[in-house]
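Visitor: Hi, could you walk me through this one?
Guide: Gladly; have a look first, and then ask away.

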Amino acid sequence: SEGEGVYEYLLNESLARRGAPQIGKGVGIIGKTIIRHGSEKLKQEFIPRILRNEIQWALAYTEPEAGSDLANMQMRAVLDGDEYVVNGQKRFITSAHFADYMWTGVRSDPDASKHKGISLLIIDTDAPGITVTPLWTIIGERTNEVFFDNVRVPKDSLVGEPNQGWQYITEAL
């Protein structure tokens with residue numbers, strides 16, 4: 001409701017003045033999802049850092065051919081031993097040029113139906129094979145294209161269960 005929006009705005013203003021994490025993608029989307037569905041390792045590694053506002057995130061969902069139809073994402077993640085190998089492209093990833101991690105939706109089962117076969121991976125932005133290219137909006141604000149070329153992501157960076165990413169993404173949004 002409108003009252004909740006005002007409350008969240010005022011709360012975020014107060015939190016920002018104190019250097020605390022604001023309600024938004026770090027706490028509101030990523031933190032809540034890790035608490036609900038993440039492994040103990042992910043909880044230990046990320047929740048304290050999110051609450052201390054030590055890390056920045058980029059939501060990496062949208063793609064050139066999928067746009068806002070998130071269920072149509074095609075960027076692939078193939079399990080290879082203890083790692084996923086990620087290939088593809090994301091577009092309009094606003095925070096990618098300064099984020100520490102990308103909260104990334106990937107197609108992990110290409111044979112599954114549109115709303116199945118999507119997984120969520122936490123990808124370190126310093127991983128080899130990631131290229132971030134600026135895209136400038138008509139009003140001069142920066143967003144980005146992000147290219148993934150054989151990016152190797154540890155298997156334990158998977159959030160929740162394989163192929164359940166659509167559920168987690170829609171639950172958080």
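Visitor: Is valine 86 buried or exposed?
Guide: Valine 86 is buried, its relative accessible area being 0%, where buried means under 20% with a 1.4 Å probe, counting protein chains only, exposed means over 50%, and partly exposed lies in between. This is a predicted model, in which local features need pLDDT of at least 70 and side-chain atom pairs count only at pLDDT 80 or more, while totals for chains, interfaces and linings use all residues. Residues are numbered from 1 along each chain as its sequence is written, and side-chain values use heavy atoms, leaving out hydrogens and water.

Visitor: And where is valine 86 placed?
Guide: Valine 86 belongs to strand S3, residues 83-91, a strand being a DSSP run of E with at least two residues and a helix one of H or I with at least four, numbered from the N terminus.

Visitor: OK, new topic: which residues are buried in H3?
Guide: Those are Leu42, Phe46, Ile47 and Ile50. They lie on the same side of H3, because they cover an arc of only 105 degrees around the axis, the arc being that of the directions from the helix axis to the C-beta atoms.

Visitor: What does the face turned away from that buried side carry?
Guide: That face of H3 carries Glu40 and Gln44, which are exposed.

Visitor: What comes after H3?
Guide: Asparagine 53 follows H3, and its phi is positive, near 60 degrees.
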